[in-house]
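Please look at the sequence and the 3D structure shown here, and then follow the explanation below with both in view.

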There are 2 protein chains.
Amino acid sequence: MTLAPNLPLAGTPAPLSPDQLEAALRDVGARRYHNLHPFHRLLHDGKLSADQVRAWALNRYYYQAMIPVKDATILARMDDPAVRRVWRQRIVDHDGEQEGDGGIARWLKLTEGLGLPRDYVVQGHGILPATRFAVDAYVHFVRDRPLVEAVASSLTEMFSPNIISERVAGMLANYDFISKETLAYFEKRLTQAPRDADFALDYVKRAATTVEVQQAVIAALTFKCDVLWAQLDALHHAYVVPCLPPPGAWTPGAERAA
Amino acid sequence: MTLAPNLPLAGTPAPLSPDQLEAALRDVGARRYHNLHPFHRLLHDGKLSADQVRAWALNRYYYQAMIPVKDATILARMDDPAVRRVWRQRIVDHDGEQEGDGGIARWLKLTEGLGLPRDYVVQGHGILPATRFAVDAYVHFVRDRPLVEAVASSLTEMFSPNIISERVAGMLANYDFISKETLAYFEKRLTQAPRDADFALDYVKRAATTVEVQQAVIAALTFKCDVLWAQLDALHHAYVVPCLPPPGAWTPGAERAA
């Protein structure tokens, strides 16, 4: 369904050592993780209006909501119970033990704190089509590509603690409509993400021992960076300058007419 | 994999007549077809640089290349030989009878006429991730949704003859790097698209006789308009103002370094 992605290691003669592979994966993040996107700088530096922060939180909800679907898709492809026991914790983290618990519920605290009605957010009518296409591409990727690539695509979590620390500090300092409580989602992720990333990185380093598979896992992480970047591109294009939201997308106040 | 799309007819008590359904489908095009996108106006009015036209042609190639894959996916789901006999012509039109023939080859005439190396275009390395996500979303849609919705998603062809006439006249008049020969793709589509659209519209009008299915086919056409619109959004965002191409995307001259 997709043409061949960029293969940064094309021409490399011998497989990388596990440490070299880790360095190559970290280099993808250093060049392409979405902390480099202008929208993130604006968000952290307090340069966005409340409506622009709403647009971000609304669209990002769709990503959050699909993460356990993505992880269940990966879980269904794992044949080792020991590996599944570890991976299933991701689904628990996002879905919680009961109503009101878990990462998705915590994201809804953020959107509710921003004044977006819960039903409007959950229905997803106002999100940018580009958000949906990018997030769905991620779910399709982990279903269709070899398992080691699916696991590797989760490795953006290696880079998330830094961005989360920046984000929480910057948003609390700069926006009076943001509180520590509405940012509870990120607090949890500071411990969950490194634990998940450590396991996935170890898995990838053990499984990717040939040049071909190493190229494929690096391409998988690049693809995932594209998924995150495209979401910020769409937000920036629709809500920053020039404002050009596509038809049917959320604009300030549309949630009240919905 | 997707949340429920907007259902413009929600609350309608009785099914529409076939003519009313056609009118509702045409109304989707009047409101959301990509001829309304600023990028198209710039393209037709000769306001784009040669590099901006190259970016459009390069990205749109991926869409063109996936159209026969999309149509083969639909063909594989049709159980009536009479219907398949009609639908298969779409694949012939795009793939041709031999090397150098067909819609994809004609699109490559355009990109070659614009000075983009054929291999660079066909490999697809420089296209925007958002292009890939949107086009792949279209292919996944016709695989995963009911057949009548898959057929309905093709109905943007009802609106294409107008845009093609505008585009060919506008581009020939305004760009000295565009010739009638490089636009050969569109010449053919002026007769192919209405023939295809007539058949698909008739199919949808016969099959969509309940409120639920009528809402679903209108949503399918809306989805397809989103697919086209998102591609122009991404181009506009990356190559018009402000210039912000995502990492790895084509920039003028990148094809020479590739």
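This is a predicted model: local features need pLDDT of at least 70, side-chain atom pairs count only at pLDDT 80 or more; totals for chains, interfaces and linings use all residues.

Residues are numbered from 1 along each chain as its sequence is written, and chains are lettered from A and ligands numbered from 1 in the order in which they are written.

The model as a whole scores pTM 0.87 and ipTM 0.83.

Chain A holds 12 helices and zero strands, where helices (H or I, at least four residues) and strands (E, at least two) are DSSP runs, numbered from the N terminus. The radius of gyration of chain A (taken over C-alpha atoms, with a globule rule of 2.2 Å times the number of residues to the power 0.38) is 18 Å, close to the 18 Å that the rule gives for 258 residues, so chain A is as compact as a globular protein of that length. Along the principal axes, the C-alpha atoms of chain A fill a box of roughly 55 × 40 × 35 Å.

Next comes the packing of helices, described by axes, which are lines fitted to C-alpha atoms, for helices over the stretch in contact, with angles from 0 to 180 degrees between N-to-C directions. Angles under 35 degrees count as roughly parallel, over 145 as roughly antiparallel, 65 to 115 as roughly perpendicular and the rest as oblique.

In chain A, the axes of helix H3 (residues 50-75) and helix H5 (residues 103-113) come within 10 Å and cross at roughly 175°, and the two helices are therefore roughly antiparallel to each other. Among the residues that make the contact are A:Tyr61 of H3(A) and A:Trp107 of H5(A).

In chain B, the axes of helix H3 (residues 50-75) and helix H4 (residues 81-95) come within 9 Å and cross at roughly 165°, which makes H3(B) roughly antiparallel to H4(B). The contact includes B:Asp71 of H3(B) and B:Arg88 of H4(B).

Between the chains, the axes of helix H11 (residues 211-239) of chain A and helix H7 (residues 129-144) of chain B come within 9 Å and cross at roughly 95°, so H11(A) is roughly perpendicular to H7(B). Here A:Asp226, A:Trp229, A:Ala230 and A:Asp233 meet B:Pro129, B:Ala130 and B:Phe133.

Methods. Two residues are in contact if their C-beta atoms, placed from the backbone, lie within 7 Å.
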